[in-house]
Amino acid sequence: MKYKTQKFFNEWTKEHKYQIEDIKLILHLWRRSPLSVIGSIIVLALISIALLAPYLAPHDPFEVNVPNQLLPPSSEYIFGTDKVGRDILSRVIYGSRISLMIAIMVVLVSSLIGAVAGLISGYFGGKIDEAIMRITDIFFAFPRLILAMAVAAALGRGITNTMLAIAFVSWPIYARLSRAGTLQIKNEVYIEAAKSIGAGHIRVMFLHILPMIIPFTLVQATLDMGGVILTAAGLGFIGLGAQPPSSEWGAMISLGRQYVATGQWWVATFPGLAILITALGFNLLGDGLRDIFDVRMRR
Amino acid sequence: MKIGAKDAAVILLIIILVASWGYFLTLGRPAVPTKATETDTLIIARDISDAVSLDPARAYEFSSCLIVNQLYDKLVDLRPPEYKEIEPEIATEWDILADNVTWEFKIREDLTFPDGTPINATTVKLSLDRCLELAQTAAWVIEQFGMGGNITVVDTYTLRIKLAEVVAPRLFLSCLTFTSAAIVNPTLVQEHEVAGDLASDWMTTHSAGSGPYILERWEKDVEFVLVANEEYWGAEPKLKRIVVRHVPELTAQMLQIEAGDVDIAWNLLADQIEEITGVEGIKVIRVPSFFKDYLGMNVNATIDEEKPLGDNKVRDAIRYALDYDAILDIMKGGAIPLQTFVDSGIPGYNPALPYFRDVDKARDLMAEAGYPDGFAVELLVQPTLYWPDLAVIVQDNLADIDIDVTITTITAAEMYEIYRAQGHELILAEWGADYSDPDNLAKAFADYTIRQLAWRNTWYNDYASNLTKEACSELDTVKRLEMYAELTDYVLYNGPYAIFIQGVYQYGVRTWVEGFYPDPTFFLMDFSEVYKEAVYK
Amino acid sequence: MDLRTYTARRLALMVFVFFGILVISFVLIYIVPGDPVGAIYPQAPPYMIEKITREWGFDRPLHEQFLSYLWKLLHGDFGKSLLTNRPVMQDLITFFPTTIELATFATILAVAMGIPLGMISALKKDKIPDHIARIFAISGVSMPVYWLGLLMLTVFYYQLRLMPGPGQLDPYIKYPPTVTGFLLIDSLIAGRIDAFLNYIHHLIMPSFILGLFGAAGIARMTRSSMLEVLRKEYVRTARAKGLRERIVIIRHVLRNALIPTVTVIGVTYGMLLEGAVLTETVFGLPGLGQYATRAAIHLDFLAVMGSTLLIAIIYSFANLIVDVVYAYLDPRIRYG
């Protein structure tokens, strides 16, 4: 029995030798870039906090306690309290769930739609390509925040529609990227080879080209996360984001904005720092990934 | 990675920069200026983006009316510091004639506009006719009495206005204090008339009045600049210039007043006011406004095939569930308790405050009404200022009596569309008196035939509606006030509202400013008594 | 294809894009629920609201409104703003100069910060200065603008008294007469050097914050294209010839590396027009951003469409100019 497993393992390793080498190289490059490491640590910390929120938060993020309003940071309320007496630390912790969910959902949806659109565009070329590219042109020229506001307002308020609105605005970049990648790859020899043995369009597109595009898309996705969180925060500013009493970071900053200079700086500063560190983490990670894939490409 | 000397230096530099940033953030207040820089110019920091036109027949926004009132005079006025009694301005005396619908005004003699055009009964008639003809939103205040076509000049300084029906004196006269009843210069109107617009286009950005100040400049979203009218017929204004600068960010306003760069910060919020209270060189000036905040309950709202808000016991339960103290706590100095619909400062004010938080009583009422397990309901609220915080408190309070509130923040445009269509369930909103008389409030809160608040909340109550109409035309002032006492009580206990506070306007003012008595509305402010001391006390 | 054809083709495409924007924004704005008229004067009686709605033609069927809008647009009439009651064109002319001034200043700062940062990163790759430069650049795109703006106002204006407060000019400085609408130009025309300098002083903080955003992108592009070029043969040749390092960098590396950076600068300019939105509100600058945002919040249809179109036009032209310059500099592009 053990022998069979061993044999299977050896065979599998041999078959996927190049992929394994690849992964080893990626890990090595990643380790050599301290900024990527920092970025990854931040992102991992964020994910952990989001998952472990109920265990980490010292208080109930929704507990209203008006006599305790606007207390400065202390040992009991480490980040202080807000206008209706809620603990800011707990709200920031729970807020990470919302922000992370928004970021992941938006990036997932927009990158999928965008990548596929770009893939189709680049692969088929001609009129389809022109049409899709003109559409992305229009989206690019549109002021992002205003477009997101209009879409969010049109769909109605709430987190789901906010996510759809931001995704609606974000997909063109992925389309452009994946189209550029597709154009590069579609003339490669192995694609010709696949086609010559009768692989259909769908098969070629999704089995051969798409995997090659994933690296760029992944890089852009990580870089986008920070921007998505900021856009969601901007929408929360005008009531189009998460509804109260939800503890989305952007809504927290918008509520706390009047206190920045009145000595209750903690109400807006901690969610602001949370956004900053999160966006920073994703950006560093994305930047590092870009460098890594760059080197690999050049190999 | 090896760290060389140069690298270490860079790291050290960065650490110093970040540390000093952190240090500066925790610094206390810098030294406060002790002298007013220029004593004949008043600088106000305020959000003026709402101003549309300075033509009195058009001006209906806070910022435009504030300015218009400095540029123009009216027949009668309400003046600082109290803004309570009707006082003569262009008119010296007035009386109602035997038919009870015609008013006669005596005009002050020998007055002129700055360009020399005389002010007399004809001028007043032309001004009022002009306003009614342009028929803009602001005109409704005078239009409501049906005086169109019934303004007659008896002689040079006597004017008669005939109303369509009997109207209480205080009501009619307080409407004449509104900016749309301003007296405009007919010479300038004729001179600048374009395509039948009665000079409205020109008057949007120029003054054609006889008031204590003249408009030097208006740059949209930047500033208003007023200069004193040298030819003013009344007491010479003490300030030579008034500059109102557009500062949309309230925190920036606060920083400016603390730094001494402006003399008045107009829009500060309660916590910001608290911050500057007691600071040397700054004083806080307050005036109860004519605005009140309330929770509206749609009588007709269908929830789970029933209409719980249609039962007054349920509404009473809600009124007993609210934590009025917590709400006042949040508003800090920015609110005073109020539960009836006439604000303090207006005749007819009812100080009764019978409701207070009593969860047990509220629960009993809910059970009596047949909702022991409560129900789910949606609360509409705007996402700005303190509204979301209020909504959260209401949600929390009502949860204690098993009413499950879902908060929906929506922008004003959508909220008012729904509200005006009676499409809401619960709503948090505010309402301001349009002028210093209880009638407009009664019409809004009690009379559903007017299609304002009572109608929006589907409270079709004929008793309240009829009482409102009666009180509107009651000539006997004492009797009239009794009617409002009855009406306010009735609405308090039976209406679709939980009124909880009256707003208080709070201003950050440098101590070297004297004579500043802000008005409770937005169109009565008078700067002619304001002046600046050279050194603050 | 030659330069002229390239340009012409791009211009034709731009018109198509503008039309697309018009249609999309029109559809979106009308789908958006809410009635702006009822909210502008929340206390106005219903008959007044109905009257205003009729006056503005908002009760007519959608396609009629769109066609009427297009027709007027072709005659240069952008319609009237519900909030300001002035022609939208007039509003745009009033407000867009300030945004241009802000975005231009911000771009200058973005370039001034971004290119050196990118250079440091490239030349000291993987060493500490590289890391610090990269963190600094990335922080620029990670921060909520109004938060940073308020913090800077508090520290630099209020506590340190180094920077001026909000607005374009200090409260006691009188405005020069409006000639072009660009305060920078108007103050010079009127000979008011004090106003000119004061305004620049006021622009520093908001431009810096906006510029941080752009600097990140510029730094990144400079870094990667410099690294590309540094690898090239002709650089090795130059070094082998014994040229001093500084001359190698400036004459050979930088010039070629900056070409793709030019594209990014164009994109940045467009981004900054948008980013100006929140910056303008915090710092009280009367520009297009705060006009458009206010219009969007209040559903002032025509104002939103007018500003959206204007921003899109400026953005597209900026991109076009950049692309044409790039094509001019690098012949490979236009033959591609």
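This report looks at chain A as a whole, then at a strand in chain B and a helix pair in chain C.

## The model

This is a predicted model, in which local features need pLDDT of at least 70, side-chain atom pairs count only at pLDDT 80 or more, and totals for chains, interfaces and linings use all residues. Residues are numbered from 1 along each chain as its sequence is written, while chains are lettered from A and ligands numbered from 1 in the order in which they are written.

## Chain A: overall build

Chain A has 12 helices and 0 strands. Here helices (H or I, at least four residues) and strands (E, at least two) are DSSP runs, numbered from the N terminus. Its C-alpha atoms fill a box of roughly 75 × 55 × 35 Å along the principal axes.

Of the 299 residues in chain A, 51% are buried. A buried residue has 20 or more other C-beta atoms within 10 Å of its own, with C-beta atoms placed from the backbone. Now take the contacts in chain A with a separation of 6 or more: 70% of them join residues 24 or more positions apart. Two residues are in contact if their C-beta atoms, placed from the backbone, lie within 7 Å.

## Chain A: confidence

The average pLDDT of chain A is 80, and 91% of the residues score at least 70. This score is the predictor's confidence in each residue, from 0 to 100. Within chain A, helix H5 (residues 88–124) has the highest mean, 89. Helix H7 (residues 144–155) of chain A has the lowest, 68.

## Chain B: an enclosed strand

Strand S1 (residues 41–46) of chain B is largely enclosed by the rest of the structure, because 5 of its 6 residues are buried.

S1(B) pairs with two strands, where pairing takes at least two DSSP bridges. With strand S12 (residues 241–246) of chain B, S1(B) runs parallel over 6 bridges. Thr41(B) has Arg241(B) as its bridge partner there. With strand S13 (residues 264–265) of chain B, S1(B) is also parallel, over 2 bridges. Ala45(B) stands opposite Ala265(B) in S13(B).

## Chain C: two packed helices

Two packed helices are described by the angle between their axes and the distance between the axes. Helix H7 (residues 145–159) of chain C packs on helix H9 (residues 193–230) of chain C at about 145 degrees, with axes 10 Å apart. Axes are lines fitted to C-alpha atoms, for helices over the stretch in contact, and angles run from 0 to 180 degrees between N-to-C directions.

Residues of H7(C) in the contact include Leu148(C), Met152(C) and Phe156(C). On the H9(C) side are Met205(C), Pro206(C) and Ile209(C).

Note on methods
A residue is buried if 20 or more other C-beta atoms lie within 10 Å of its own, exposed if 12 or fewer, and partly exposed in between; C-beta atoms are placed from the backbone.
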